[in-house]
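Here is a colleague's note to read beside the coordinates. Please keep the viewer open and follow the points in order.

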Amino acid sequence: MAVIEIDENSGFCFGVVTAIEKAEAELERSGSLHCLGDIVHNASEVERLQQRGLDTITHADLKGLHDATVLLRAHGEPPSTYEQARRNNITVIDATCPVVLQLQKRIKTAYDESRGRLERGEIREMPLILIYGKEGHAEVNGLVGQTEGEATVIQNVGDLDALDLSRDILLYSQTTKSLDGFRNIVSEIKKRKTGGDFKYFDTICRQVANRLDGLREFAATHDAVVFVCGAKSSNGKVLFEECKKVNPRTFLVSDEDNLDIEPLRGAERIGICGATSTPRWLMQRIAEIIEERL
């Protein structure tokens with residue numbers, strides 16, 4: 001009989017926990033609530049909350065919504081979203097992660113100060129504000145919005161080819177990106193810089209980044225690993241790849257419907273772990289199914 005163990009450090013980060021707690025409190029109070037985008041990048045958890053009355057809406061839906069209550073998830077939103085809510089008399093339950101909120105304020109302050117210096121003639125052009133992150137990601141959209149859309153998103157070193165690196169540069173990172181990826185970007189900019197100042201800020205959430213070492217150790221001490229995360233989870237993809245580097249017998253599962261037991265047969269120790277967007281109850285459910293079917 002295989003020993004099945006769930007990683008005690010996997011599961012929701014505190015930002016997601018807070019967002020879900022706020023949603024559940026409002027659902028308990030009123031029985032219904034709109035959420036702008038998936039509250040978490042995990043279809044199983046979204047479905048659980050939908051059954052309790054949570055209605056996921058888009059930004060297009062928000063424009064036509066009036067006199068309602070809307071939860072803003074942990075990823076954060078650009079200023080335009082708050083303005084739209086104000087115009088439509090929408091009550092906002094703001095569940096923006098404190099780490100993301102701090103980063104938004106930091107970028108906005110840097111942008112406003114640079115704009116002011118430009119208007120006073122103290123500098124000839126705005127610095128190039130770069131955000132290392134996933135293009136179109138909700139958090140990244142919120143960060144770019146702090147600069148009135150002027151920040152440039154870079155996803156990899158190749159994106160630097162199209163940029164004028166002789167300008168002053170301010171570099172930030174999406175909070176859930178990998179430290180190694182960020183350091184690689186910093187190193188490459190330093191190599192290519194031909195003029196101007198370069199300031200970079202490690203704005204990666206340590207609750208996410210610090211999980212890597214623990215996950216690597218967890219993966220290494222099991223014969224097989226089942227990594228549970230939603231298809232939309234950027235953080236999950238990073239953590240899964242790190243597990244797979246350590247233990248090639250690591251399998252990605254989004255829910256019980258796509259769980260394949262066959263590759264796990266013969267393993268004496270099976271580990272279950274997940275992303276910061278993976279609910280604990282889902283990892284427990286996967287563990288139970290493996291135990292039943294092996």
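Predicted model: local features only at pLDDT ≥ 70, side-chain atom pairs only at ≥ 80, totals over all residues.

1. **An open sheet.** Start with the sheet whose order is β1-β12-β10-β11. It has four strands, it is open, and its pairing is parallel. The edges are β1 and β11, each of which pairs on one side only. From one strand to the next, the twist averages 20 degrees. As background, strands of a sheet pair through backbone hydrogen bonds, either parallel or antiparallel.

2. **The β10 and β12 pairing.** Five bridges link β10 with β12, in the parallel sense. To locate this pairing in the viewer, pick Val226, whose bridge partner in β12 is Ile272.

3. **Two helices across the sheet.** Helix α9 covers residues 211-220 and lies across β1, β10 and β12. Its direction is at about 155 degrees to β12. Helix α10, residues 234-246, lies across β10, β11 and β12. Here the angle is about 160 degrees, taken to β11.

4. **Helix α11: length.** This helix spans residues 280-293, 14 residues in total. From its first C-alpha to its last, α11 reaches 20 Å. That is close to the 20 Å expected at 1.5 Å a residue.

5. **Helix α11: which face is buried?** The buried residues of α11 are Leu282, Met283, Ile286, Ala287, Ile289 and Ile290. Viewed down the axis of α11, they fall within an arc of 165 degrees, so they line one face of the helix.

6. **Strand β6.** Residues 128-132 make up β6, and five of the five are buried, so the strand is largely enclosed by the rest of the structure. Both faces are covered. Leu128, Leu130 and Tyr132 are on one side, with Ile129 and Ile131 on the other. In a regular strand the side chains alternate between the two faces of the sheet.

7. **Neighbours of β6.** Strand β8 (residues 169-173) runs parallel to β6 and is joined to it by five bridges. Strand β7 (residues 152-154) is also parallel to β6, with three bridges.

8. **Strand β8.** This strand is mostly covered, with five of its five residues buried. Ile169, Leu171 and Ser173 point one way. Leu170 and Tyr172 point the other way. Three bridges join β8 to strand β9 (residues 198-200), again parallel. In that pairing, Leu170 has Lys199 of β9 as its bridge partner.

9. **Cysteines: how many disulfides?** The count is zero disulfides. Cys205 is in none, and the nearest cysteine sulfur, in Cys97, is 6.0 Å away. Cys205 is buried, at a relative accessible area of 9%. For Cys243, the closest cysteine sulfur is that of Cys273, at 4.2 Å, which is too far for a bond. The cut-off behind this is 2.5 Å between the sulfur atoms. Cys243 is also buried, with a relative accessible area of 1%.

10. **Two residues with positive phi.** Which non-glycine residues deserve a look at the backbone? One is Asp67, with a positive phi of about 50 degrees. Asp67 is in the loop between α3 (59-63) and β4 (69-72). It is exposed, with a relative accessible area of 58%. Another is Asn89, where phi is positive at about 55 degrees. Asn89 lies in the loop between α4 (79-87) and β5 (91-94).

Notes. Residues numbered from 1 in each chain as written. Heavy atoms only, no water. Expected span 1.5 Å × (residues − 1). Buried < 20%, exposed > 50% of the residue type's maximum accessible area, 1.4 Å probe, protein only. Arc of directions from axis to C-beta. Pairing = 2+ DSSP bridges. Axes fitted to C-alpha atoms, helices over the stretch in contact; angles between N-to-C directions. Contact = heavy atoms within 4.5 Å.
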